[in-house]
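User: Please take a close look at one part of this model for me. What sits there, and what does that part pack against?

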Amino acid sequence: MPKITLLKLLCVFVSLFLLCGCKSRVVDNEQVKPGEKIVLKFSHVVAEDTPKGLAARKFAELLEKRTGGRVEVQVFPNSTLYSDGEEMTALRNGSVHIIAPSTSKLGDLFPRWQIFDVPYIFKDSNHVHLAMRGETGKALYGDLEQGGIYPLAFWDNGFKQISNRIRPLVHPSDFKDLTFRVMMNSTVLKEQFRCMGAIPIQMSFHEVYGALSSHAVDGQENTMSNISSQKFYESQPYLTVSNHAFMGYVVMMDKKFWQELPPDIRTALGEVMKEVTPWETRQAEIINQRDMKAIRESGKVDIHMQTPGEREEWKNSLRELYIKLPGIVGPRLVDELDDWSDNDLKQ
Ligand code: LMR
């Protein structure tokens with residue numbers, strides 16, 4: 001048989017295997033007999049050696065142990081099962097059971113989640129976590145539940161930095177006419193770059209490396225762990241540590257699917273997630289620092305640390321976006337965050 005035919009057959013076999021394998025084995029409580037194994041597919045788009053990648057693995061291992069092997073979590077990293085544009089549909093139709101998209105990607109279905117894309121609104125990770133434990137978190141999680149999504153946890157990936165291949169990004173005028181990849185579904189991200197005089201281009205995460213190295217786009221924004229693990233820095237000689245916005249993830253399940261899991265499994269899942277989440281937060285700190293050091297030591301990137309004065313300049317050039325925010329994100333949420341005082345942050 002010619003080689004090409006064998007290859008085609010193999011592709012068909014793998015596709016059929018994935019399609020069949022993606023069918024959920026749990027439909028409702030009655031159908032999960034005692035002792036029957038529950039397979040949960042966890043799909044994400046980043047590398048394994050990242051905060052989300054490592055936490056997904058740890059979650060899988062702990063849950064399997066905690067349930068005496070009754071639950072098996074199969075983790076699919078690096079968009080191997082579904083990419084950005086596909087994960088939410090796959091979750092809803094039961095082809096996958098857990099996803100952890102970054103909050104920006106929820107922007108089309110749940111616009112208020114774009115609050116995390118607003119530049120300089122969160123002062124640090126502590127501010128983010130306080131907000132998520134308070135009224136802001138309640139409102140945001142409420143939106144998801146109303147939309148049929150069960151949020152399991154909020155995971156960190158730290159603050160985003162900006163890189164490009166043309167020139168150092170120090171002042172807003174340096175952005176003029178440059179093209180930047182932005183994450184899917186966020187109006188705030190597009191407006192952010194437009195305000196700075198640049199051209200935003202929406203793109204799935206798995207396409208970014210190719211777009212940067214072929215110069216289809218000039219730059220991108222992301223956390224150090226993603227810039228390093230995806231090797232974006234190889235074609236991005238200028239990087240500004242701007243810490244302008246936070247990248248968080250919502251680990252989620254389809255609400256109906258969650259409700260149909262046996263109660264003891266739901267309890268175990270919740271407990272394990274509670275244990276893994278603070279560990280994930282710590283990993284985000286460690287890995288982002290480690291990866292910044294690695295990028296610096298690669299000698300390939302000129303790293304500029306943004307000064308407080310430059311931060312104010314960037315904020316001023318973003319004024320038009322701040323004015324439009326109530327129309328995009330909703331007035332209540334923005335007012336609430338604006339009211340956070342330094343005292344609140346120390347509590
Ligand atoms: C991106 O698309 O840049 C990120 O959301 C990827 C991720 O999940 O960290």
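**The ligand and its surroundings**

In the side chain of Lys105, an N or O atom is 2.7 Å from an oxygen atom of the ligand. That is a polar contact (a pair of N or O atoms within 3.5 Å). The model is predicted, so local features need pLDDT of at least 70 and side-chain atom pairs pLDDT 80 or more, while totals for chains, interfaces and linings use all residues. Numbering starts from 1 along each chain as its sequence is written, and side-chain values use heavy atoms, without hydrogens or water.

Ser102 has a side-chain N or O atom 2.9 Å from an oxygen atom of the ligand. For Lys52, the distance from a polar side-chain atom to a ligand oxygen is 2.7 Å.

Who else is there? The residues around the ligand include Val45, Val46, Arg181, Met183, Phe205, Asn222, Asn226, Met247 and Tyr249. Each counts as near if one of its heavy atoms lies within 4 Å.

Helices here are DSSP runs (H or I, at least four residues), numbered from the N terminus.

Two packed helices are described by the angle between their axes and the distance between the axes. Helix α2 covers residues 51–66 and helix α10 residues 263–298; their axes are 9 Å apart, at an angle of about 150 degrees. The axes are lines fitted to C-alpha atoms over the stretch in contact, with angles from 0 to 180 degrees between N-to-C directions. α2 and α10 are therefore roughly antiparallel, a term for angles over 145 degrees. Their crossing is right-handed: the near helix is turned clockwise from the far one by less than a right angle.

Conventions. A polar contact is a pair of N or O atoms within 3.5 Å; within protein, one must be able to donate a hydrogen and the other to accept it, and residues adjacent in sequence count only if both atoms are side-chain atoms. Helices (H or I, at least four residues) and strands (E, at least two) are DSSP runs, numbered from the N terminus. Angles under 35 degrees count as roughly parallel, over 145 as roughly antiparallel, 65 to 115 as roughly perpendicular and the rest as oblique.
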